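Subject: Structure handover

Hi,

Here is the structure I promised to pass on. Please open it and keep it beside you while you read my notes.

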Amino acid sequence: RAVAMSVSHSSRLNKLVREQYMRLPQDGRVQVTYVWIDGSGEGVRCKSRTLDKEPKSIEDVPEWNFDGSSTAQAEGSNSDMFLVPVSMFRDPFCLDPNKLVLCEVLKYNRKPAETNLRHTCKKVMDLVKDSHPWFGMEQEYTLLGINGHPYGWPDNGFPGPQGPYYCGVGADKVYGRDIVESHYKACLYAGVKICGTNAEVMPSQWEFQVGPCEGIEMGDHLWMARFILHRVCEDFGVVATLDPKPMTGNWNGAGCHTNYSTEQMRREGGLKHIEAAIEKLSKRHDYHICVYDPRGGRDNSRRLTGHHETSNIFEFSAGVANRGASIRIPRQVGQDGYGYFEDRRPAANCDPYAVTEAIMRTTVLNETGVETKDYADH
C-alpha cells in the first residue's frame, strides 16, 4: 500500500508544464526578485519586477516599496516601506539573466525598520574592517511535512533513538536528501558562499554551512541561503523550520554555530588573541544570549539545557574540542596555535547580522555590559 506523504498541493502540480513556459525567451528584459526580512525578524518575503536590461551591479537595481501593514512592519494608514537593494545573486529558479536581490527595509521616514538589523551591523563592520573579521555559520534546520510533523517520521510515533542519523546514509536513516542537494546546487548557482552540508543528529534535521565571509557579507549570504532553502522546500511541498527545539524530549535542538576569527587570530601565535577574545566574551554572556535568538533568549532556553551537545544557557564555558561548551576551540587550532573559534550559542533562528555585530562589539570594540554604544555620531 502506498504511503501518503504530507506535502503541499502546489508541489503536485505538473512541473513539466511549468518548464514549457520557463524556456520562453525574455527579449533582453530581466526578472528581478526583491527579498527582505519581515516584521517577525525570521520570515522572508519576496516580490518581482521587470527591468529593461540585466543589472551588472547592485547600483543598477532601483529602490522599490511594499505594503508594510501586510508584513507586520507598518500601520495601514502609513504603510509604504522602502526596499533598498544591498546584495545581488543569480536566480537559480528563473535562471540567467534573472536576479535575486536582498534588500534592507526602511520606514516612511527613511529610518531602518525594527527588524532591519543589517543597518547597525554594517556600521560596526565598517568600524572594524581593519581587523578583517571572517565568519562561517552552520545553519541547522528541520524538514517538516505540511502537517507540521517531522518529514519521514511515523505518523503516530517516533523513529528509533538518535545515533545512526548524523551524516547517515540509507533510506532508513536519511529523509529528504533530494531537497538538501537541490538547495546546495541552487546556492552554488546563485553565488552564495555555501561550503558544505550534512545530515544532523535528529532524523529529518540537516545543516548547511556558509563561509568564510568577511564582515557584512556573512549576514547577506546566510539570509539569501535561507530564502533559497524555503523556495526549494516550496517546490518539494515541505517546510523547513529554524525552530531551535522543534521536538521536545530526547532529541537534539537546532543551532547556528558561528565560527569567527580576525587577521591576528589567523596568524602564527594567534591563539593568544583567541583566548583574549574568549575572555571578553565570558564577561558579557547575558548580552550575547539576549541577541542570539529573536526573543531575547527565550527560544534558546528550550535548546541550551546542557544536554544534547549544548552548554547551559545560564553559564559561560569554553574548551578545546568540547561540544558541550559555549565556545569551542577546534583541536587543530589548539595544536597549531592559531586559527579560529566557534561560538555554539546562537540559535538556528538567530539573525546573523545581530550575532556577528555582537561578536565584533565585544571582541574588537571592547564593549562591556548589556548596553551597546551608538557609533552614529563618531
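Which residues does His-257 touch, not counting residues up to four places away in sequence? They are Gly-136, Met-137, Glu-138, Glu-140, Arg-303, Glu-342, Asp-343 and Arg-344. Keep in mind that this is a predicted model.

First, more on His-257. It lies in strand β10, which covers residues 256-261. His-257 is buried, because its relative accessible area is 8% and the cut-off for buried is under 20%.

Now take one of its partners, Glu-342. This residue lies in strand β13, residues 341-343. Glu-342 has a relative accessibility of 1%, so it counts as buried too. What does Glu-342 contact, leaving aside its neighbours within four places in sequence? The list is Glu-138, His-257, Thr-258, Asn-259, Ser-326, Ile-327 and Arg-328. Glu-138 is in contact with Glu-342, and Glu-138 also touches His-257. Find those residues on your screen. One distance to check: Glu-342 and Glu-367 are 25 residues apart along the chain, and their C-alpha atoms are separated by 20 Å.

Next, helix α10. It runs over residues 352-363. How many of its twelve residues are buried? Twelve of the twelve are, so the helix is largely enclosed by the rest of the structure. At 1.5 Å a residue, twelve residues should span 16 Å, and the end C-alpha atoms are 16 Å apart, so the two agree.

Now the whole chain. It has ten helices and 13 strands. The C-alpha atoms fill a box of roughly 60 × 60 × 40 Å along the principal axes. Why call the chain compact? With 378 residues, a compact globule would have a radius of gyration near 21 Å, and this chain has 21 Å, which agrees.

Buried residues make up 50% of the 378. Of the contacts with a separation of 6 or more, 66% are between residues 24 or more positions apart.

Last, the surface and the charges. The chain exposes about 18,000 Å². Carbon and sulfur atoms supply 51% of that area. There are 44 positive and 50 negative charges, and their mean positions are 2 Å apart.

Best wishes

Note on methods. Residues numbered from 1 in each chain as written. Predicted model: local features only at pLDDT ≥ 70, side-chain atom pairs only at ≥ 80, totals over all residues. Heavy atoms only, no water. Helix = DSSP H or I, 4+ residues; strand = E, 2+ residues; numbered from the N terminus. Rg over C-alpha atoms; globule rule 2.2 N^0.38 Å. Buried < 20%, exposed > 50% of the residue type's maximum accessible area, 1.4 Å probe, protein only. Contact = heavy atoms within 4.5 Å. Areas by Shrake-Rupley, 256 points an atom, 1.4 Å probe, with all protein chains shown as cover. Lys, Arg positive; Asp, Glu negative; His and termini not counted. Charge placed at Lys NZ, Arg CZ, Asp CG, Glu CD. Expected span 1.5 Å × (residues − 1).
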